[in-house]
4 protein chains.
Amino acid sequence: MANIFSSLKNAYNLFKHVDFDKLEALSKKVDLPKIVETISSLDDKQIQGMMKMMGGGSGKKKELPPIEGDFYHLGDEALKDEDRELQLKVRAFLEKEVKPIVNHYWNKAEFPFEIIPKLAELNICGLTYKGYGCPGKSNLMEGILAMEMARIDTSISTFFGVQSGLAMGSIYLCGSEEQKQQWLPLMQQFKIIGAFGLTEPEVGSAAAGGLTTTCKKIDGKWILNGQKKWIGNATFADILIIWAREEESGDVKGFIIKKDNPGFAVEKMQDKMALRIVQNGIITLTNCEVEEADRLQNANTFKDTAKVLQMTRAGVAWQAVGCARGAYENALDYTRTRKQFGKPIASFQLIQNHLVDMLSNLTAMQTLCFRLSQLQDQGLLKDEHASLAKVFCSSRTRDVVSSAREVMGGNGILLEYNVARFVADAEAIYSYEGTKEINTLIVGRAITGFSAFV
Amino acid sequence: MANIFSSLKNAYNLFKHVDFDKLEALSKKVDLPKIVETISSLDDKQIQGMMKMMGGGSGKKKELPPIEGDFYHLGDEALKDEDRELQLKVRAFLEKEVKPIVNHYWNKAEFPFEIIPKLAELNICGLTYKGYGCPGKSNLMEGILAMEMARIDTSISTFFGVQSGLAMGSIYLCGSEEQKQQWLPLMQQFKIIGAFGLTEPEVGSAAAGGLTTTCKKIDGKWILNGQKKWIGNATFADILIIWAREEESGDVKGFIIKKDNPGFAVEKMQDKMALRIVQNGIITLTNCEVEEADRLQNANTFKDTAKVLQMTRAGVAWQAVGCARGAYENALDYTRTRKQFGKPIASFQLIQNHLVDMLSNLTAMQTLCFRLSQLQDQGLLKDEHASLAKVFCSSRTRDVVSSAREVMGGNGILLEYNVARFVADAEAIYSYEGTKEINTLIVGRAITGFSAFV
Amino acid sequence: MANIFSSLKNAYNLFKHVDFDKLEALSKKVDLPKIVETISSLDDKQIQGMMKMMGGGSGKKKELPPIEGDFYHLGDEALKDEDRELQLKVRAFLEKEVKPIVNHYWNKAEFPFEIIPKLAELNICGLTYKGYGCPGKSNLMEGILAMEMARIDTSISTFFGVQSGLAMGSIYLCGSEEQKQQWLPLMQQFKIIGAFGLTEPEVGSAAAGGLTTTCKKIDGKWILNGQKKWIGNATFADILIIWAREEESGDVKGFIIKKDNPGFAVEKMQDKMALRIVQNGIITLTNCEVEEADRLQNANTFKDTAKVLQMTRAGVAWQAVGCARGAYENALDYTRTRKQFGKPIASFQLIQNHLVDMLSNLTAMQTLCFRLSQLQDQGLLKDEHASLAKVFCSSRTRDVVSSAREVMGGNGILLEYNVARFVADAEAIYSYEGTKEINTLIVGRAITGFSAFV
Amino acid sequence: MANIFSSLKNAYNLFKHVDFDKLEALSKKVDLPKIVETISSLDDKQIQGMMKMMGGGSGKKKELPPIEGDFYHLGDEALKDEDRELQLKVRAFLEKEVKPIVNHYWNKAEFPFEIIPKLAELNICGLTYKGYGCPGKSNLMEGILAMEMARIDTSISTFFGVQSGLAMGSIYLCGSEEQKQQWLPLMQQFKIIGAFGLTEPEVGSAAAGGLTTTCKKIDGKWILNGQKKWIGNATFADILIIWAREEESGDVKGFIIKKDNPGFAVEKMQDKMALRIVQNGIITLTNCEVEEADRLQNANTFKDTAKVLQMTRAGVAWQAVGCARGAYENALDYTRTRKQFGKPIASFQLIQNHLVDMLSNLTAMQTLCFRLSQLQDQGLLKDEHASLAKVFCSSRTRDVVSSAREVMGGNGILLEYNVARFVADAEAIYSYEGTKEINTLIVGRAITGFSAFV
């Protein structure tokens with residue numbers, strides 16, 4: 001640390017062109033040391049962004065390179081350098097490691113376990129959590145990475161979301177400090193794979209009211225009975241977060257169940273036409289015994305479960321964006337090379353009409369989700385905001401993938417052309433984490449003040 | 001100005017808690033004096049915004065009051081205090097002065113001249129221009145005000161857009177300094193009303209190629225011949241910017257024509273079913289003589305005309321948002337009070353479905369236009385960005401007003417319920433400043449590299 | 001029964017021009033006595049239909065002239081000669097007498113009384129009723145004429161529907177023989193104009209449950225109190241069918257009220273943006289006295305009212321078809337002559353896409369309504385059939401008129417181009433005689449077995 | 001001509017059971033000789049149709065049992081008894097033999113060869129052809145059976161269409177009498193399986209212009225070279241109709257190639273996400289030698305090929321109807337039993353809205369196709385009629401299957417619930433035998449007079 005004299009000298013040099021009257025006035029309004037601290041921590045790009053923001057634009061026309069699926073430059077304009085770098089690194093990984101193998105696995109309805117260690121290396125699991133080896137980044141960044149993953153494959157993105165969001169999130173939000181210490185660092189490294197068991201055969205996404213899996217404390221142990229359906233990662237997960245209703249109190253509690261727990265059985269769901277890579281299981285619990293130590297200590301009512309869902313729902317909207325973007329980019333490429341009547345089909349009005357329709361939906365989704373994540377990062381997110389984004393994005397994504405397939409003619413139904421898979425997967429996104437109907441009624445209640453669920 | 005000694009003392013006091021090493025390092029990266037200058041010019045809210053942005057959010061959950069048509073809080077979050085204040089002032093004016101009279105005038109297809117002086121008082125004309133009495137504000141702010149106006153009445157918003165954007169914009173971008181001095185301050189105060197004459201009976205929005213109105217220089221004067229159609233404000237404008245093709249060179253030139261100019265005649269267009277308040281004229285020029293001094297000195301080719309159009313196109317997208325927002329808010333209110341089968345219709349699933357559909361489109365449009373204006377303020381706006389927004393917003397607005405009318409049943413076709421007018425006006429927005437088809441092909445060309453216009 | 005000899009003689013006379021070889025051969029293939037029995041039971045119309053049908057399916061390839069809005073040749077293939085002739089006569093009348101004046105009246109929101117005597121001359125009022133001067137034609141024919149009228153103007157078609165369907169229909173279905181004799185012949189000739197008052201300010205199309213207008217019998221007279229809204233023709237009707245609930249019994253009864261009846265007042269509804277030619281009134285009944293003789297003698301519960309509505313609902317579906325057809329045909333014509341970039345816009349892919357989309361919807365509506373009327377003529381029509389047609393046709397018509405306006409660009413909002421009016425009027429069709437929501441729930445109940453109204 | 005006496009005697013015999021009073025009365029209303037003449041000229045089928053028709057329109061209200069997917073009673077009203085019986089027989093076969101196995105095969109992308117002999121027993125192959133063991137039924141009947149097949153499985157329906165329509169049709173329309181005798185009876189019995197090779201890797205449905213597979217006559221033999229793609233049944237067909245362009249003349253010729261022909265190779269197309277049961281092949285012809293005797297003797301230009309396509313195109317529209325109907329019926333059943341919030345989801349407004357939307361589209365498609373087949377049976381069918389139906393039905397089917405899946409929530413993506421397969425297969429129907437774009441431009445050309453293909 002410099003002594004006062006040299007400080008003053010430095011200050012003089014530094015500030016000789018500064019208007020000190022203004023500075024003094026300013027010092028009354030703001031915490032100057034903190035500003036210096038903060039600005040110092042910014043990188044070049046952020047500083048330029050800040051200057052620009054404050055000045056309202058340089059006025060110079062800047063030419064940005066065209067980016068197919070980011071028409072309004074949300075990525076290269078709005079992210080910090082390190083975040084932008086991370087985005088591009090994740091994208092490169094997906095294009096190099098995932099894209100080449102994904103149609104094959106999808107077709108066989110199997111999971112590519114070989115990518116798990118590579119995913120771990122990216123160090124993006126538990127992205128927004130603080131501590132426990134997690135990077136502590138923004139929700140916006142998490143959303144953007146969800147988009148990147150789904151842009152290449154929605155199944156992989158779903159696998160990741162179950163691990164990082166639902167399973168780790170349950171422990172992060174509802175676990176004791178001890179439980180967090182025990183599981184989160186290992187899960188962040190994919191050394192432990194998790195699953196999240198809420199949905200049941202007869203109880204869909206609006207699960208609260210009707211959960212039928214029960215838990216009962218007998219002699220200090222919990223006994224669980226019931227069935228869970230659609231549980232992603234369930235066939236190979238090391239631990240599963242299982243939600244059950246206590247018979248006496250009616251409260252919903254959460255448990256960490258290990259795969260070899262007696263009374264726990266899982267069966268792979270067959271014959272899906274969407275997200276075929278995701279291994280969904282039907283779980284049967286038959287007098288399944290769990291220690292009190294493996295009960296999530298801070299999950300006492302369904303409201304606690306709901307916190308986990310609220311946290312992850314924005315991510316599903318971003319997945320929809322990624323799915324649409326992947327389909328759009330593949331379709332655009334195709335139309336620029338496929339010829340009909342002697343010229344690229346991209347030169348026909350009817351094809352351009354489809355492309356522009358897709359792109360306008362895609363761009364609207366991107367700006368909507370961008371703002372959604374900002375609300376989340378500002379602590380303003382409510383259920384209805386996320387539900388609106390889920391409804392809008394999953395609906396528009398259906399339209400986008402449908403047009404993408406259409407411009408590819410018959411080739412659009414062949415997996416190798418990289419659009420058919422998105423068409424199928426969009427159906428899953430459309431329905432999971434709350435159907436369009438349920439999410440519509442959540443928003444409807446918020447804006448009208450009337451509940452119309454029943 | 002303080003002498004150096006007191007400066008240093010002040011500096012010492014100001015900076016005693018500052019980490020000078022960091023500050024010194026920072027001074028190498030940034031222009032410190034400029035930063036101080038800039039930060040000093042910010043108001044409290046901006047400073048808080050900046051701190052927040054840099055710190056990534058306070059983490060505290062803030063409860064914002066619900067705002068019907070601004071579901072994602074774009075207004076109260078993203079505007080500077082003074083801009084937010086201006087937005088609310090303009091809104092209040094519209095609700096108090098315009099809303100009560102607008103159905104009456106629309107029905108009679110007449111213009112409410114009494115509001116012109118009140119509009120002038122708002123001091124928002126020529127909002128983004130620098131100098132000539134204009135406020136020099138951001139394009140984002142201009143977009144938001146266009147939304148506010150269209151939210152109450154799209155005709156008034158159009159009247160304003162012709163005056164502030166097209167007519168003044170032509171002079172601002174293509175006029176000589178003398179012409180600017182002569183006209184802009186008066187127009188900014190609505191003491192002179194302007195019009196913009198480009199479209200012709202057989203030549204639509206893609207006017208460039210086929211303009212048939214001619215100009216010819218004879219004995220130092222310009223002689224104009226031809227017809228213009230759809231010219232807003234034309235029946236009562238004091239001056240009209242007329243675009244004509246020079247016969248010899250083929251170049252398009254612009255002229256400032258006064259309403260009493262011999263050879264100039266205008267006829268009011270009758271029987272419109274949309275924007276009935278806007279007075280569109282058919283202009284006939286018969287050997288209309290114009291002085292060289294009234295030729296726009298910097299308009300030499302169609303590219304210069306196009307600059308004006310490019311500048312205003314984002315505003316049309318924002319108008320669409322306003323039109324949709326006005327319809328949505330009126331419909332929402334209606335459904336909360338109108339009863340059927342003994343309960344408010346807002347409590348029925350089918351009605352909520354419409355409302356949420358409207359709101360999701362509205363919110364997507366808002367976030368899209370928000371980003372569009374940011375691009376414009378950053379100097380990144382290209383034709384295709386604006387065209388995409390025009391296509392998306394004017395299409396979705398059609399959907400929104402249509403649903404708004406539907407939830408109101410028969411009452412939706414009565415002007416007094418404040419939705420019928422939006423339904424009709426949405427059709428005009430949909431087609432002016434480039435039909436959906438033309439704008440689609442502009443975007444299509446940009447993304448595919450192929451022109452499909454012909 | 002005639003004896004054999006006279007039989008033979010008769011046979012001789014009957015068959016002297018018959019080719020007996022053929023007849024003998026035929027007798028081996030068919031059951032001749034049964035054929036005679038059957039043919040004898042047919043009415044004229046059926047016999048002509050049979051002759052036509054037998055002559056139609058020749059297997060020869062017949063070239064029909066192209067008919068713009070009847071792509072699948074429903075008119076010239078499926079109608080009897082005299083019906084086809086009537087269709088073309090009505091069409092010619094509409095094009096000659098109605099089309100030239102209709103935009104003018106629509107714009108001024110006034111009714112063209114001069115066409116009433118000409119309409120009377122067509123002798124198509126009360127088309128399906130038997131007796132009382134009515135033609136006794138099929139429901140199919142009535143539907144087709146509703147389409148023809150709406151094809152030129154939906155307001156005129158609505159005026160006609162109120163007179164012929166709702167007002168006369170109430171008397172035809174619910175009146176005593178004396179009432180029928182008194183009113184139907186005069187109404188069939190348009191010497192008496194009728195109206196139908198069911199809807200109330202707070203009670204929409206699903207009126208049954210909540211009718212608030214009351215009737216009470218005091219000293220042998222009925223006293224009516226309450227309000228009716230949206231009553232077509234009400235401002236100038238000679239008689240009005242008014243439906244009211246008897247306070248004591250709760251039953252709905254119908255009354256024939258004359259326009260000068262004390263206690264009866266009507267006010268014209270202003271500022272509609274659709275069906276502006278139709279004169280809707282708000283009726284106020286203040287201790288309005290009606291003789292028992294003017295009570296519809298066979299209307300005792302709401303079920304009787306519902307019979308009238310059921311009978312007319314198919315007609316609304318046909319009106320939607322006509323509205324769509326009018327818009328389509330005008331748009332098609334426009335696109336074949338309007339040029340852009342030097343060629344007719346009908347030669348662009350984007351325009352053809354709109355046209356084909358319109359035509360496919362139009363053709364689907366036509367075949368659907370055709371079958372609907374067949375069901376009606378076969379006595380198989382149920383509420384849900386008509387409701388399905390109403391929902392489908394009024395929804396698709398909205399799409400068609402919207403595309404029609406779109407291909408016309410800005411000119412689409414000018415009444416003179418003959419599409420703007422259809423755009424506005426389609427909104428009224430969409431909501432009257434049961435909104436989309438109400439009709440959807442009627443069908444929904446029929447197919448699921450569950451009522452979801454409340 | 002018989003003399004009077006024998007005439008009378010014959011008359012006596014013929015008419016002894018006839019009610020002469022009725023006959024006499026009838027003779028005053030109708031032209032009896034003409035009736036006899038006409039009836040005599042009818043075939044059995046027409047006579048039965050007439051009897052049925054005459055017995056149908058009784059005016060009595062008939063209550064028909066509700067039929068889920070035939071809301072407007074097209075089946076039980078409009079078909080002759082024997083045809084109705086055949087329809088129900090085919091339906092029973094499909095439900096009993098095909099439905100139980102089809103998800104399994106679809107999932108494995110294999111063909112259920114065991115059903116071929118059972119299909120043969122139905123005796124419906126080559127349904128409309130006259131002679132060669134074919135039933136000679138109407139095009140309407142063929143359409144209805146295509147719907148029945150696709151209602152259970154679109155792949156099976158496609159397999160059948162390739163055999164009965166494309167392969168046999170090529171021989172029926174373009175083969176010599178000898179070729180017909182040789183192949184059609186065996187193919188009608190499925191003893192020989194056929195395929196139809198027109199589409200190429202780079203040449204889609206608008207094949208005419210650009211066919212690149214060549215044929216050349218050398219030393220009395222034809223040498224074929226080139227590739228074909230998407231050829232249904234190709235991997236196991238006994239014979240394949242291959243279309244190739246003669247190098248010298250440019251004319252397109254057709255050939256019957258046997259599977260073991262040297263120079264002929266076929267590879268199964270993998271990884272389709274739709275119609276997975278259909279075995280599409282990529283065919284490679286390498287100096288493939290064909291005898292003149294195996295050239296289709298009456299296929300000399302592309303117009304001859306087009307005749308085959310025209311004949312089969314209506315069938316594709318009917319397949320779309322079947323696909324939609326299958327999805328709708330399964331979805332309706334599901335919603336009536338699946339419970340949420342304690343009641344069947346069919347009782348919710350949002351679900352009924354979907355169901356009614358599906359049903360209205362389905363019913364519109366049915367009436368449209370019904371009329372289309374009537375035009376075909378009347379010899380009035382043109383390309384543009386079939387193209388319109390293809391566009392309308394395949395588009396609306398996409399909507400129907402999409403809604404069907406939606407009301408089933410997550411279960412909609414499991415094959416076992418019998419809707420997922422229709423969702424996927426609808427994509428194939430949408431694109432084969434001419435994409436929406438190509439068919440739109442065919443109709444567009446017909447109605448505007450302008451070709452917009454290029």
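Buried residues make up 56% of the 454 residues in chain A, where a residue counts as buried if 20 or more other C-beta atoms, placed from the backbone, lie within 10 Å of its own, as exposed if 12 or fewer do, and as partly exposed in between. This is a predicted model, in which local features need pLDDT of at least 70, side-chain atom pairs count only at pLDDT 80 or more, and totals for chains, interfaces and linings use all residues. Residues are numbered from 1 along each chain as its sequence is written, while chains are lettered from A and ligands numbered from 1 in the order in which they are written.

Let us stay with chain A for a moment. Its secondary structure comes to 15 helices and 11 strands; helices (H or I, at least four residues) and strands (E, at least two) are DSSP runs, numbered from the N terminus. Two residues are in contact if their C-beta atoms, placed from the backbone, lie within 7 Å. Among the contacts in chain A with a separation of 6 or more, 73% are between residues 24 or more positions apart.

The domain assignment divides chain A into domain 1 (74-188), domain 2 (194-301) and domain 3 (303-448), with bounds that come from an automatic or database domain assignment. Between domain 2 and domain 3 of chain A, the C-alpha centres lie 30 Å apart. Contact there involves 13 residues of domain 2 of chain A and 11 residues of domain 3 of chain A. On the domain 2 side of chain A, the residues touching domain 3 are 8 nonpolar, 5 polar and no charged. In these classes, Ala, Val, Leu, Ile, Met, Phe, Trp, Tyr, Cys and Pro count as nonpolar, Asp, Glu, Lys and Arg as charged, and the others, Gly among them, as polar.

Over residues 305-447 of chain A, the chain is 78% helix and 3% strand, and the end C-alpha atoms are 24 Å apart.

Now for some individual residues. Y132(A) is found in the loop between β1 (130-131) and β2 (134-135) of chain A. Its phi is near 60°, a positive value in a residue other than glycine, and Y132(A) is buried, with 20 other C-beta atoms within 10 Å. N233(D) also has a positive phi, near 70°, and lies in the loop between β5 (221-232) and β6 (239-246) of chain D.

In chain C, N233(C) is found in the loop between β5 (221-232) and β6 (239-246). N233(C) counts as buried because it has 25 C-beta neighbours inside 10 Å. Leaving out residues up to four places away in sequence, N233(C) touches F159(C), V162(C), Q163(C), I193(C), G194(C), A195(C) and Q279(C). N233(C) and Q279(C) are 46 residues apart in sequence, yet 5.2 Å apart in space, C-alpha to C-alpha.

M187(C) lies in helix α10 (residues 177-188) of chain C. It is buried too, with 25 C-beta neighbours inside 10 Å. Beyond residues up to four places away in sequence, M187(C) touches Q163(C), A167(C), M168(C), I192(C) and G194(C).

Turn next to chain B and its helix α14 (residues 420-431). Here 12 of the 12 residues are buried, so α14(B) is largely enclosed by the rest of the structure. After α14(B) comes E433(B), whose phi is positive, near 50°.

The largest nonpolar core has 553 residues, and those with the most contacts inside it are A404(A), A404(B), A317(C), A404(C) and A404(D). Such a core is a set of buried Ala, Val, Leu, Ile, Met, Phe, Trp, Tyr and Cys residues joined through C-beta atoms within 7 Å.

Finally, how do chains B and D relate? Chain B can be laid on chain D with an RMSD of 0.0 Å by a turn of 180° and a shift of 0.0 Å along the axis. That is the relation of a two-fold axis. Copies are superposed by least squares on the C-alpha atoms of residues with pLDDT of at least 70 in both.
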